[in-house]
Amino acid sequence: MATLARTPTQQALRRFLRSSSGKAGLFIVGVFVLLALLAPLLAPYDPAKDRDLRARLQPPSIEHPMGTDELGRDILIRVWHGSRISLRVGVVAVGLALLAGTLLGLVAGFFGGWVDTLISWLIDILLAFPSILLAIAIVAVIGPGIENAMLAVGVVQIPVFARLTRSMVLSLKEQEFVTAARALGATNGRILFRHVLPNGLSPLIVQATLSIATAILDAAGLGFLGLGAQPPAPEWGVMIARGFQYFTTAPWISLFPGLAIMLAVLGFNLLGDGLRDALDPRTAKL
Amino acid sequence: MAAYALRRFLGLIPVLFGVSLLVFTFVRMIPGDPARVMLGQRATPEALERLRKELNLDKPLFVNWQAYRETGDPRKLLEAQYPAYLSRILHGDLGRSIFTKVDVAAELKARFPATFELTLGAMTVALLVGIPAGILAAIRKNSAIDLAVMTGALIGVSMPIFWLGLLLIYVFAVHLHWLPPSGRLGIGTEFQPITGLLLLDSLLRGRLDVFADALRHLILPSLALGSIPAAVIARMMRSSMLEVLSQDYVRTARAKGLPERVVVYKHALKNAMLPVITIIGLWFGTLLTGAILTETIFNWPGIGKWLYDAIQARDYPIVQGGTLFIAAIYVIVNALVDLSYGLLDPRIQYR
């Protein structure tokens with residue numbers, strides 16, 4: 001590759017590296033991912049067995065940098081292991097929404113007609129519920145628990161991706177390269193997945209990153225309400241809810257998991273902003 | 001405009017129909033006998049039998065083909081569970097609570113003012129913080145103020161609202177004792193509301209002590225609930241203002257020698273507000289319907305808290321009716337927001 005002519009990927013990378021929010025986001029997300037991956041190696045932990053009743057409700061100290069909770073459990077180690085749960089929820093829920101939403105949007109936008117009418121109707125129905133209410137209603141029906149919370153938080157995000165993909169397909173399918181592909185005898189499936197989808201991938205990547213932030217927040221909200229992960233799992237929302245009962249005397253129990261949520265969500269939001277700067281320069285920075 | 005408004009509202013009908021279908025199916029998806037689910041484990045056989053009849057559980061779910069084939073009467077097709085449910089909700093009957101037997105529609109109406117007042121409080125916070133912050137960040141672009149506003153806004157959207165609520169209670173109620181941690185009025189306050197909006201009612205009755213008390217209770221939940229919209233509005237205000245300030249007519253105004261203050265607040269602000277008003281309208285709908293977490297933490301006796309308690313208690317008629325009510329309000333508010341653009345910006349043509 002000649003040094004002067006840069007590929008689009010190189011250009012995007014340059015733009016990303018110039019974006020300070022992108023770099024900050026990548027750093028935060030990177031640290032979280034690393035900590036989550038290394039947790040079982042560096043600090044093996046069994047939430048069911050962990051308790052030390054002699055060390056209950058201790059404020060932060062050198063021994064317990066984030067203090068201990070009502071069962072004498074070290075908050076730091078629980079927050080650390082909680083990152084595994086939250087990252088998994090965020091990635092799985094958004095992966096699910098991305099898959100379902102993109103497929104629905106592709107089909108609706110590409111085929112139009114009654115298929116489009118039907119899918120758009122379904123999307124409108126899902127959008128008629130405020131997101132957290134929809135998630136709560138789904139969990140109320142299928143029962144609480146971390147897997148169900150993932151599903152609920154994912155379903156809530158489906159309309160976002162469906163709409164985005166649909167409008168992208170509508171604008172791309174009229175373009176000449178699609179007509180050319182069709183003239184060469186490409187099948188609908190090939191046109192959709194080899195020609196249309198790759199050209200509309202950038203906004204989807206940006207949205208997926210921002211959606212992970214929302215999913216982590218929503219899942220923590222469900223955990224807080226007792227509808228998501230169940231104790232003794234070290235899930236951040238659950239920890240905040242448990243700490244609520246002690247928080248006039250031991251505020252650190254709720255404080256640190258909340259800070260962890262905020263940092264993780266902030267990281268994905270920043271990363272999403274940076275990716276938008278890099279991949280979608282037209283809509284970036286006014 | 002009128003034709004567009006009509007079409008926009010007619011378009012809500014299929015959506016609301018779908019919502020009712022979904023909410024109906026939700027409760028049917030819970031394993032077990034729906035009558036048992038709705039009446040709880042301690043229901044008497046008579047009550048169960050009565051409800052089974054009322055819910056038409058002996059009939060098919062959506063369409064009664066059998067009755068139609070036997071009689072040839074197309075009206076028999078509708079002798080099924082969902083059509084009966086739809087007919088009940090269209091008559092304003094959302095059922096009764098399993099445990100308290102309270103009428104769901106009446107209770108929603110009684111609790112709505114509390115939620116509405118909290119929404120107004122949160123919106124006030126969001127506007128008072130978001131708009132000036134956004135303007136300031138835009139006119140001082142790339143300054144320390146801009147950086148502080150944008151960082152604050154990012155933190156605002158990243159904070160879990162229930163955690164922020166707890167922090168506020170800890171600092172201002174538990175620690176400083178400045179503000180009450182929960183509820184709408186102090187315990188023992190005797191007051192007969194008129195509209196249910198306590199700030200308004202207390203003024204109407206000339207009870208300044210109640211007004212002050214209600215206001216003190218409103219501040220913390222409003223701050224918590226208003227934090228995210230404040231952040232979103234600040235970001236929107238900033239980018240919208242920057243765009244307007246780069247336009248030719250603003251340069252002309254500056255070239256005429258007008259003071260910067262006049263240029264910003266008289267010429268630019270009005271046009272920069274339009275996209276911000278859109279966001280405000282959409283957030284109004286979201287806050288009105290999505291305050292479940294905030295109401296729960298602050299023990300605020302609105303719809304969200306009631307719904308949460310009902311979910312914990314598995315009081316399905318309330319969950320069903322409340323969800324339906326909230327979704328209906330949400331789509332109607334969003335439609336109204338849509339229509340208001342035309343009034344605000346004469347350039348927008350509805351087709």
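Modeller: Gladly! R140(B) counts as partly exposed because its relative accessibility is 45%; on this scale buried means under 20% relative accessible area, exposed over 50%, and partly exposed in between, using a 1.4 Å probe and protein chains only. Before going on, note that this is a predicted model, in which local features need pLDDT of at least 70, side-chain atom pairs count only at pLDDT 80 or more, and totals for chains, interfaces and linings use all residues, while side-chain values use heavy atoms, with hydrogens and water left out. Residues are numbered from 1 along each chain as its sequence is written, with chains lettered from A and ligands numbered from 1 in the order in which they are written.

R140(B) sits in the loop between helix 7 (104-139) and helix 8 (144-158) of chain B; helices here are DSSP runs of H or I with at least four residues, strands are E runs of at least two, and both are numbered from the N terminus. Leaving out residues up to four places away in sequence, R140(B) touches I145(B) and D146(B), where contact means heavy atoms within 4.5 Å.

The loop between helix 7 and helix 8 of chain B also holds N142(B). Phi of N142(B) is near 65°, a positive value in a residue other than glycine. N142(B) counts as exposed because its relative accessibility is 65%. H177(B) belongs to the loop between helix 9 (161-175) and helix 10 (198-204) of chain B, and is exposed at 62% relative accessibility.

How far can you trust this chain? The mean pLDDT of chain B is 83, and 96% of its residues reach 70 or more; pLDDT is the predictor's confidence in each residue, from 0 to 100. Within chain B, confidence is highest in helix 7, at 91, and lowest in helix 3 (residues 34-39), at a mean of 71. For the complex, the predictor gives an ipTM of 0.85 and a pTM of 0.86.

Now for the partner chain. The contact takes 46 residues from chain B and 39 residues from chain A. Together the two chains bury about 3,600 Å², 82% of it on carbon and sulfur atoms; buried area is the accessible area (1.4 Å probe) that two parts lose on being put together, summed over both.

Between chain A and chain B the count is one salt bridge, meaning a side-chain nitrogen of Lys or Arg within 4 Å of a carboxyl oxygen of Asp or Glu. Side chains of opposite charge can pair when their charged atoms come close. Here R235(B) meets D273(A) at 3.1 Å, N to O. D273(A) also forms a salt bridge with R276(A), with the closest N and O atoms 4.0 Å apart. Because R276(A) and D273(A) are three residues apart in helix 11 (residues 252-279) of chain A, about one helical turn separates them. D273(A) is buried, at 14% relative accessibility, whereas R276(A) is partly exposed, at 29%.

Back in chain B, E260(B) and R254(B) form a salt bridge, their closest N and O atoms 2.8 Å apart. E260(B) is partly exposed at a relative accessible area of 40%, and R254(B) is partly exposed at 35%.
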